[in-house]
Amino acid sequence: MAVLLVFIPVFAVVFVAEFRRWQRRGLSRHAIDRNLGVAVVGLLTIATVSGGLESPFLPIMVIIAFVLGLFATPAVATWLMALELLGVWTFAVLLVTRGDLWLRFPALDGGRPPMPARVFTLAIIFTILLVMGRFVGRSVRRAFDLMLRRTIRAQGESLRAHAERAEELTALSAEIAHELKNPLASVKGLAGLLSAQLPEGKG
């Protein structure tokens with residue numbers, strides 16, 4: 001209880017500080033990886049002191065696995081995913097060997113040793129959910145990156161076509177100006193010749 005009462009406010013303060021830093025300086029290169037690392041370590045700490053594999057906070061790791069696949073760099077995502085899986089299987093072993101009694105809230109401890117089949121099934125389910133969360137997050141990221149690349153490519157092609165069209169219009173306007181200049185010069189010259197022979201008034 002003491003660890004939870006200390007760690008949850010510290011956890012919240014870290015993320016508020018990171019949010020304020022983002023507001024002042026923008027997103028730095030490793031800010032997402034750093035914050036996701038803090039989230040994984042914090043969540044594992046909270047899960048450790050709140051029941052291990054039976055912690056009510058443990059399912060949040062599936063959401064974090066999805067966010068890892070979506071935003072983290074591949075190397076950092078792999079290491080943090082490995083840390084999550086190591087935590088899940090450590091919790092499972094501790095639960096089967098009853099090495100987690102000091103971690104459990106009395107309300108969560110039924111007094112009977114848990115069935116190993118149930119514990120390992122739960123660990124396998126968490127493993128599958130974590131891997132799937134990371135895979136889905138990575139797939140969404142790839143689809144978004146592909147869509148962004150296509151949009152940028154289409155925009156580049158549109159800008160190129162616009163530049164070519166602008167060049168054509170510039171050449172055409174120069175040609176039209178040249179074609180108009182010659183007859184207008186002739187008209188101006190003839191008007192000048194005629195103006196000398198016209199009487200005053202409405203000539």
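Predicted model: local features only at pLDDT ≥ 70, side-chain atom pairs only at ≥ 80, totals over all residues.
1. The crossing of α3 and α5 is right-handed.

2. Now try another pair, α2 and α3. Helix α2 covers residues 31-49 and helix α3 covers residues 60-71. These two pack at an angle of about 165 degrees, and their axes are 11 Å apart. An angle over 145 degrees counts as roughly antiparallel, and α2 and α3 are therefore roughly antiparallel to each other. The crossing of α2 and α3 is left-handed, while that of α3 and α5 is right-handed.

3. Let's step back to the whole chain. How many helices and strands does the protein have? There are 5 helices and 0 strands, and from the N terminus on the elements run α-α-α-α-α. The protein has 203 residues, and 25% of them count as buried. Being buried here means having under 20% relative accessible area.

4. Trp-89, Val-93, Phe-120, Ile-124, Ile-128 and Met-132 together make a nonpolar patch of about 520 Å². Which elements give two or more residues to this patch? They are α4, spanning residues 74-96, and α5, spanning residues 116-197. Helix α5 gives the most, with 4 residues.

5. Met-132 is found in helix α5.

6. With 37% relative accessibility, Leu-129 counts as partly exposed. Leu-129 also shows how a fold can bring together residues from separate parts of a sequence: Leu-129 and Pro-59 are 70 residues apart along the chain, and their C-alpha atoms are separated by 9.2 Å.

7. Finally, let's turn to charged side chains. How many salt bridges does the structure hold? There are 2. In one of them, the side chains of Arg-141 and Asp-145 meet at 3.3 Å, N to O. Arg-141 and Asp-145 are separated by about one helical turn, because they are 4 residues apart in helix α5. Both partners are partly exposed: Arg-141 has 27% relative accessibility, and Asp-145 has a relative accessible area of 24%.

8. Glu-168 and Arg-165 form a salt bridge too, with their side chains meeting at 3.3 Å, N to O. Why are Glu-168 and Arg-165 separated by about one helical turn? The reason is that they are 3 residues apart in helix α5. Glu-168 is partly exposed, with a relative accessible area of 49%.

Methods:
Residues numbered from 1 in each chain as written. Heavy atoms only, no water. Patch = residues over 30% accessible without salt bridge, like charges linked within 9 Å, V, L, I, M, F, W, Y side chains within 5 Å. Areas by Shrake-Rupley, 256 points an atom, 1.4 Å probe, with all protein chains shown as cover. Salt bridge = Lys/Arg side-chain N within 4 Å of Asp/Glu carboxyl O. Axes fitted to C-alpha atoms, helices over the stretch in contact; angles between N-to-C directions. Parallel < 35°, antiparallel > 145°, perpendicular 65-115°, else oblique. Left-handed = near helix turned anticlockwise from the far one by under 90°. Buried < 20%, exposed > 50% of the residue type's maximum accessible area, 1.4 Å probe, protein only.
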